Amino acid sequence: MAPPDSEASRRRSLIIVSNRGPVTYDRDASGERIERRGGGGLVTALRGLLEHHDVTWIASATTEEDRVVAGEGGGDVVLVAHDAAAYEGYYNVIANPLLWFVQHSLYGLASEPDVDRAMHGAWRDGYAVVNRAFADAVVAELDNKPDATVFFHDYHLYLAPRMVRELRPDARLAHFVHIPWPEDWSALPPAMRDAITDGLLANDVVAFHTERWARNFTAGAGALGRTTVVHHPISIDVGEFDELAASDGVRRREEQLWPGRPEKLVVRVDRTDPSKNIVRGFRAFGLLLEEHREWRGRVSMLALLDPSRQSIPVYADYLATIERVASAVNERFGEEGWRPVELRVADDFLQSVAAYKQYDVLLVNPVYDGLNLVAKEGPLVNLRAGVLVLSENAGAYEELSSWAVGVNPFDLAGQADALHEALSMGEAERQARAEGLREHVRMNDVRQWIEALLADFDQAAARDYGVSARR
Ligand code: ADP
Ligand code: F6P
């Protein structure tokens, strides 16, 4: 860990730019404004930066109340209220599903994607327009904070760095891609692929979670020019999670989590996203119950799912399939007094932390995942020497594989075997693995991630401008 007074860890002037901001505003039934924590791993990891650095966070207004807040202005979070039609094309057509599906290798290429006129229109009149609005907001903020480093995030904003670079040639720009970078981008027309690469190469630093994603990017990008490509796996704020785990809210949910819980609990926590492989997880659990009668009545799977992107048909269909397959497993194997699968679809972060404390097995089996923070959060706070079953296609596998039971996400039989292995594992081995995971997460908190990145920014600045980055 860098010492607290190191060059990299001093207070920095940062402009964070991401589609989803740290909080979302709504009104409750009585008309009072309420704040909700933004969903997903990006927000979990970046929220802590607000305390430690001089941060302005530029994000999209995603609710009606966000738009009201955007109009009020002021504060550390600048919400950009986009044109509604442009945002629709940007978020619901291009970013999700097109880019998300290409980057998580989710398309069955025989039938999709159809990059039709409407999709080209959404690229031009949606994705590019919203990226332009973000670029304009960044340039305006740079006028207030000319020394700031601009830190773009994720696949929503691939075009914005080039737009900013054209207006502010000397700006310090960095981009973190939180999702996989696949080898195969052939499902996108060349003009889109090239614009994405060109946009990213306008940054001084482009960063990924893992060596695998960084290598794929470098291999496909051609000449990198001024851009340094690095990889640092993101993490969580360990102190925040320790406090959360001990909080009254989590304790209350822990008490109510499962009255009369079965002997063993397999837990999963995910957004309802096709990349998370929730349906195959249920099928594998069904196969376990079919092949190992000894587990019937003794083990249940608790799936805590945060509803995600339900305005996009493929996401709504996926949630319907999740519900259908969970019911099918319950109908086939359920008995009086024992429900094999307990499915809870709700936005309840504290319940997720309560379940982390109580699992015997944590199933994280994504088709592909940039990293997956659940695989770090669970082991940090778990109280039962629980076993992590982890997909080899999650970025976190690069770090955690020696303590996890690895699975191939397509291999239903392999996942059923892995669940059996995890549920049957002896106490000493479970303790050793759980301890290894916990120590790794403790020693590699989100502060190590940001310090490593800030050091990369400094090196790039020293190289490009011949100055040490005293900013
Ligand atoms: P992704 O970024 O694709 O959603 P991750 O596993 O990396 O996947 O991150 C998911 C994050 O969402 C975790 O930090 C998890 O604790 C958090 N989370 C879980 N349930 C909720 C919820 N109901 N509301 C907000 N965040 C949640
Ligand atoms: O990288 C993970 C991520 O895609 C973030 O970019 C995003 O904010 C989060 O998951 C949740 O998705 P959404 O913002 O679409 O709800």
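Visitor: What makes the pair formed by a side-chain atom of E377 and an oxygen atom of ligand 1 a polar contact?
Guide: This is a predicted model, and its values are computed from that model. A polar side-chain atom of E377 lies 2.4 Å from an oxygen atom of ligand 1. The cut-off for a pair of N or O atoms is 3.5 Å, so this pair is a polar contact. The protein covers 90% of the 580 Å² of accessible area that ligand 1 has on its own.

Visitor: Which backbone atoms make polar contacts with ligand 1, and how do you know that they count?
Guide: A polar backbone atom of F349 is 3.3 Å from a nitrogen atom of ligand 1. For L373, a polar backbone atom is 2.9 Å from an oxygen atom of the ligand. Both distances are within 3.5 Å, so both pairs count.

Visitor: Why are residues such as G41 and R271 said to be around ligand 1?
Guide: A residue is near a molecule if one of its heavy atoms lies within 4 Å of it. The shell of ligand 1 has 17 residues, and G41, T44, R271, K276 and E377 come nearest. G41 and R271 are therefore part of that shell.

Visitor: Which parts of the chain supply the shell around ligand 1?
Guide: At least two residues come from each of helix 1 (41–46), strand 10 (264–271), helix 13 (349–358) and helix 14 (374–381). Helix 13 gives the largest share, three residues. Domain 1 (6–235 + 447–465) and domain 2 (238–444) each provide at least three residues of this shell. By class, the shell has five nonpolar, six polar and six charged residues.

Visitor: How many residues surround ligand 2, and which are the closest?
Guide: There are 13, and the closest are R20, Y91, W100, D154 and R309. This shell divides into five nonpolar, four polar and four charged residues.

Visitor: Why is a space in the protein called a cavity and not a pocket?
Guide: In a cavity a 1.4 Å probe fits but cannot get out, whereas a pocket is an open set of points. A search of the whole structure finds two cavities of 30 Å³ or more. The largest cavity holds about 50 Å³ of space, and its lining includes T149, R172, D204 and F457. Strand 7 (172–176) and helix 18 (446–465) are the elements that give two or more residues to this lining.
The second largest cavity has a volume of about 30 Å³. Among the residues that line the second largest cavity are R20, S60, D66 and L79.

Visitor: What lines the second largest pocket?
Guide: The second largest pocket contains about 300 Å³ of space. It has 13 lining residues, and F101, L106, P274, R280 and Y318 are the closest to its centre. Helix 11 (278–291) and helix 12 (313–333) each supply at least two residues of the lining. Domain 1 (6–235 + 447–465) and domain 2 (238–444) each give at least three. The lining has eight nonpolar, two polar and three charged residues.

Visitor: Which peptide bonds are cis, and where do their prolines lie?
Guide: The bond from N96 to P97 is cis, with omega near 10°, and P97 is found in helix 4 (residues 84–103). Another cis peptide bond joins E112 and P113, with omega about 5°. P113 is in the loop between helix 4 and helix 5 (117–144).

Technical notes: Residues are numbered from 1 along each chain as its sequence is written. Chains are lettered from A and ligands numbered from 1 in the order in which they are written. This is a predicted model: local features need pLDDT of at least 70, side-chain atom pairs count only at pLDDT 80 or more; totals for chains, interfaces and linings use all residues. Side-chain values use heavy atoms; hydrogens and water are left out. A polar contact is a pair of N or O atoms within 3.5 Å; within protein, one must be able to donate a hydrogen and the other to accept it, and residues adjacent in sequence count only if both atoms are side-chain atoms. Accessible areas come from the Shrake-Rupley method with a 1.4 Å probe; for residues, only the protein chains shown count as cover. Helices (H or I, at least four residues) and strands (E, at least two) are DSSP runs, numbered from the N terminus. Ala, Val, Leu, Ile, Met, Phe, Trp, Tyr, Cys and Pro count as nonpolar, Asp, Glu, Lys and Arg as charged, and the others, Gly among them, as polar. Domain bounds come from an automatic or database domain assignment. On a 1 Å grid over the protein atoms alone, a cavity is a set of points where a 1.4 Å probe fits but cannot get out, and a pocket is an open set with protein on both sides within 12 Å along at least five of seven lines; lining residues have an atom within 4 Å of a point. Grid points are joined across faces, edges and corners, and a volume is the space filled by probe spheres set on the points.
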